[in-house]
Number of protein chains: 2
Amino acid sequence: MPATPENPGATAARRIHRVTSFDVAEVAGVSQSTVSRALAGDASISEPTRQRVIAAAEKLNYQVDENAARLRRGKTGTLAVVMICRDGQDRKDLNPFYYSLLGSTCAAASARGYEVLVSFQDSPESFWGHYQERRKADGMIVIGTSENTAAWDYFGELEAATNWVCWGAPSDAFQWVRSDNLAGATLATRHMLVRGYTRVVCIGSETSPQRQFKERYDGYAAAMQDAGLEPVLQRIERGLPREEQGRRAAAALATSGQPFDAIFAVSDEIALGALKEFERLGYRVPDQVGVVGFDGVRAGAWSTPPLTTIEPDFEIAGTLLVDRLLAAMAGEPETPRRVPVRLVVRGSTRP
Amino acid sequence: MPATPENPGATAARRIHRVTSFDVAEVAGVSQSTVSRALAGDASISEPTRQRVIAAAEKLNYQVDENAARLRRGKTGTLAVVMICRDGQDRKDLNPFYYSLLGSTCAAASARGYEVLVSFQDSPESFWGHYQERRKADGMIVIGTSENTAAWDYFGELEAATNWVCWGAPSDAFQWVRSDNLAGATLATRHMLVRGYTRVVCIGSETSPQRQFKERYDGYAAAMQDAGLEPVLQRIERGLPREEQGRRAAAALATSGQPFDAIFAVSDEIALGALKEFERLGYRVPDQVGVVGFDGVRAGAWSTPPLTTIEPDFEIAGTLLVDRLLAAMAGEPETPRRVPVRLVVRGSTRP
DNA sequence: TTGTAAGCGTTATCAG
DNA sequence: CTGATAACGCTTACAA
């Protein structure tokens with residue numbers, strides 16, 4: 001007794017048989033290779049034949065086995081995205097900025113017809129970048145803080161043939177995509193000067209492995225010098241959570257004797273920490289002290305006052321990462337690497 | 001002239017040849033199947049042989065082709081995670097709660113030896129759940145807001161053989177995992193009563209497709225009745241962003257004449273909106289009005305005052321999702337579906 | 001303990 | 001335009 005939809009009981013006895021392109025071929029009355037071609041949209045197949053094949057495929061609820069297809073093609077149609085966390089850090093505490101980037105990267109990959117394989121890696125035991133060799137993906141996007149230097153050492157030493165692109169690279173030798181940090185920092189600094197602040201101090205670092213921080217400091221310094229002012233850097237302490245760095249830097253600045261009436265923090269998380277500390281110390285933001293951050297994290301909208309910040313275009317960021325990778329894979333020339341930014345004026349700078 | 005590492009020029013002329021298990025076999029002086037078994041950790045292979053194979057594999061920098069392996073095995077070792085967004089919503093504006101969940105789900109899958117294929121879906125054109133039929137994944141985890149009813153309709157109608165589990169299901173008929181909403185809401189309400197608030201109003205809904213909201217309201221109502229108090233619900237308007245719902249509900253409550261000295265919001269985003277509105281209206285939080293939310297989103301730590309909230313254990317959440325799915329795939333009995341929660345006391349309730 | 005050989009379900013080449 | 005047929009690189013009976 002054959003198994004039929006009306007008689008599912010019979011199915012149990014029979015070995016489960018996956019619907020293959022052979023089955024479709026039989027139903028459509030064509031050869032198996034014609035099925036493959038028809039479904040793949042090959043131009044050489046006549047329209048009536050294609051319709052018959054499609055009908056048969058639908059009737060049987062056929063779907064191609066991607067593993068077989070990929071084995072044969074030698075390409076996976078998949079991009080790997082590696083999220084680098086701080087060692088031992090809870091996934092929940094990952095900077096939300098990176099999550100936004102993950103989202104837009106997935107969207108961009110999907111728009112280009114690629115699947116996305118995601119993994120979170122934080123320590124030498126979990127570092128793994130052999131997606132290509134294992135034919136799990138055609139290329140790799142690495143997103144993460146430069147702080148995890150062990151991670152970058154690992155990825156930097158992968159086979160030269162590895163196709164990969166990154167956000168957050170500590171070295172310009174990698175294939176990177178980044179915010180337009182210089183323009184953003186300049187924008188932030190000018191904004192404060194225009195709003196009447198005259199003693200703008202930068203909270204950040206020019207030596208952090210976080211390459212972006214140096215660029216942001218440079219943009220700030222350039223804008224200050226343009227205005228005939230002396231740039232001042234209040235350094236953050238290494239190895240602490242960002243908000244704590246901001247808090248401590250604000251406290252240090254307050255007691256340093258250094259006159260200031262505004263700060264440009266090289267990241268939102270640092271800015272939020274500083275904001276908290278200024279509030280605790282009784283400074284009125286934005287009247288007494290203006291604060292501008294960088295990144296556009298969501299939490300900035302909820303602080304008191306809400307944080308004025310520089311926000312990269314996340315959608316473009318994901319697109320640039322994916323396009324840079326695909327171009328590298330194809331051996332094509334350079335694609336844009338700088339993500340445009342915009343000033344988001346909220347409440348931490350005075351009108 | 002053969003291609004050698006010392007003589008890479010020769011490689012270019014030769015057709016690129018992937019290193020296969022045959023090559024390893026040749027170098028190790030064994031058969032190809034022995035290579036496969038040795039590398040897979042098969043117990044029947046003698047230790048000396050295994051060592052020889054491993055050495056050869058390392059020498060050749062061999063990595064198994066996962067596509068071939070999967071084609072043969074018939075299993076993918078991959079789980080698909082579908083993130084459902086609101087239609088047309090920017091990836092950046094996705095509730096950060098879901099991102100945390102994504103992170104912990106990836107971590108849990110990895111701990112169980114699975115890869116994770118992630119996709120973001122928001123509208124009928126993008127809905128797609130045939131990972132199993134296409135042999136792209138062995139099962140699927142769907143994470144998202146119940147609000148996108150079209151999405152749930154779609155996933156609800158997939159083939160019965162589909163292995164999938166979800167967070168945010170509008171129906172109990174699905175395989176769901178959820179926060180322990182009842183316990184959490186009770187915890188929140190009792191906390192406010194203990195802190196001396198007596199007129200606690202719930203901002204939320206008992207009819208939202210967001211199943212969780214009903215459960216949270218029920219927990220609140222039970223705690224109130226336990227204390228001999230009448231539960232009061234201030235309904236949110238449908239179809240708005242959560243924070244806007246919170247803002248409007250707070251405004252409506254303030255002008256309704258309904259006496260209140262605390263609110264329990266069924267989500268943090270709603271609570272944050274309400275907090276803003278209370279501030280705008282000149283209410284002092286937490287002295288005049290206490291506020292407690294639900295979800296433990298990061299932004300709550302940055303509001304003024306910081307938001308007291310109920311936080312699910314994200315790590316457990318990811319683990320339960322993955323374990324529920326794996327159990328369903330194996331046809332195993334029930335696994336826990338409720339994620340434990342804890343009270344996080346911050347500044348929006350008085351000491 | 002190891003070797004031989006049969007697939008897994010496609011895509012791609014080559015005829016016709 | 002369509003049909004045979006040969007890979008793709010592995011895992012896994014079955015033999016030895």
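Biologist: In which strand of chain A does P312(A) lie?
Modeller: This is a predicted model, and what follows should be read with that in mind. In chain A, the run of residues 308-312 forms a strand, and the one that holds P312(A) is β10.

Biologist: Is P312(A) buried or exposed?
Modeller: A residue is called buried if 20 or more other C-beta atoms lie within 10 Å of its own. Around P312(A) there are 23 such atoms within 10 Å, so P312(A) is buried.

Biologist: Leaving aside neighbours within four places in sequence, which residues is P312(A) in contact with?
Modeller: Sequence separation and distance can be looked at together here: P312(A) and P336(A) are 24 residues apart in sequence and 14 Å apart in space, C-alpha to C-alpha. Once the neighbours within four places are set aside, the contacts of P312(A) are S179(A), G296(A), A317(A), V339(A) and V341(A).

Biologist: How far apart do the C-alpha centres of domain 1 and domain 3 of chain A lie?
Modeller: Chain A is divided into domain 1 (9-64), domain 2 (78-178 + 315-336) and domain 3 (179-312). Between the C-alpha centres of domain 1 and domain 3 of chain A, the distance is 62 Å.

Biologist: Why is strand β1 of chain A said to be largely enclosed by the rest of the structure?
Modeller: In a regular strand the side chains alternate between the two faces of the sheet. In β1(A), T78(A), A80(A), V82(A) and I84(A) are buried on one side, while L79(A), V81(A) and M83(A) are buried on the other. Strand β1(A) is therefore largely enclosed, the number of its 7 residues that are buried being 7.

Biologist: Which residue of β3(A) stands opposite M83(A)?
Modeller: Strand β1(A) runs parallel to β2(A), with 7 bridges joining them, and I84(A) stands opposite Q121(A) in β2(A). Strand β3(A) is also parallel to β1(A) and is joined to it by 6 bridges. There, the residue opposite M83(A) is I143(A).

Biologist: Which helices each supply at least two residues of the surface near DNA strand D?
Modeller: DNA strand D is surrounded by 25 residues, the closest being T34(A), T20(B), S33(B), S36(B) and A68(B). By class, this surface has 8 nonpolar, 11 polar and 6 charged residues. The helices that each supply at least two of its residues are, in chain A and again in chain B, α3 (32-40) and α5 (66-73).

Biologist: What relation do chains A and B have?
Modeller: Chain B is superposed on chain A by a rotation of 180 degrees with 0.1 Å of shift along its axis, at an RMSD of 0.1 Å. That is the relation of a two-fold axis.

Key:
Residues are numbered from 1 along each chain as its sequence is written. Chains are lettered from A and ligands numbered from 1 in the order in which they are written. This is a predicted model: local features need pLDDT of at least 70, side-chain atom pairs count only at pLDDT 80 or more; totals for chains, interfaces and linings use all residues. A residue is near a molecule or strand if its C-beta atom, placed from the backbone, lies within 6 Å of it. Helices (H or I, at least four residues) and strands (E, at least two) are DSSP runs, numbered from the N terminus. Ala, Val, Leu, Ile, Met, Phe, Trp, Tyr, Cys and Pro count as nonpolar, Asp, Glu, Lys and Arg as charged, and the others, Gly among them, as polar. A residue is buried if 20 or more other C-beta atoms lie within 10 Å of its own, exposed if 12 or fewer, and partly exposed in between; C-beta atoms are placed from the backbone. Two strands pair if DSSP finds at least two bridges between them. Domain bounds come from an automatic or database domain assignment. Two residues are in contact if their C-beta atoms, placed from the backbone, lie within 7 Å. Copies are superposed by least squares on the C-alpha atoms of residues with pLDDT of at least 70 in both.
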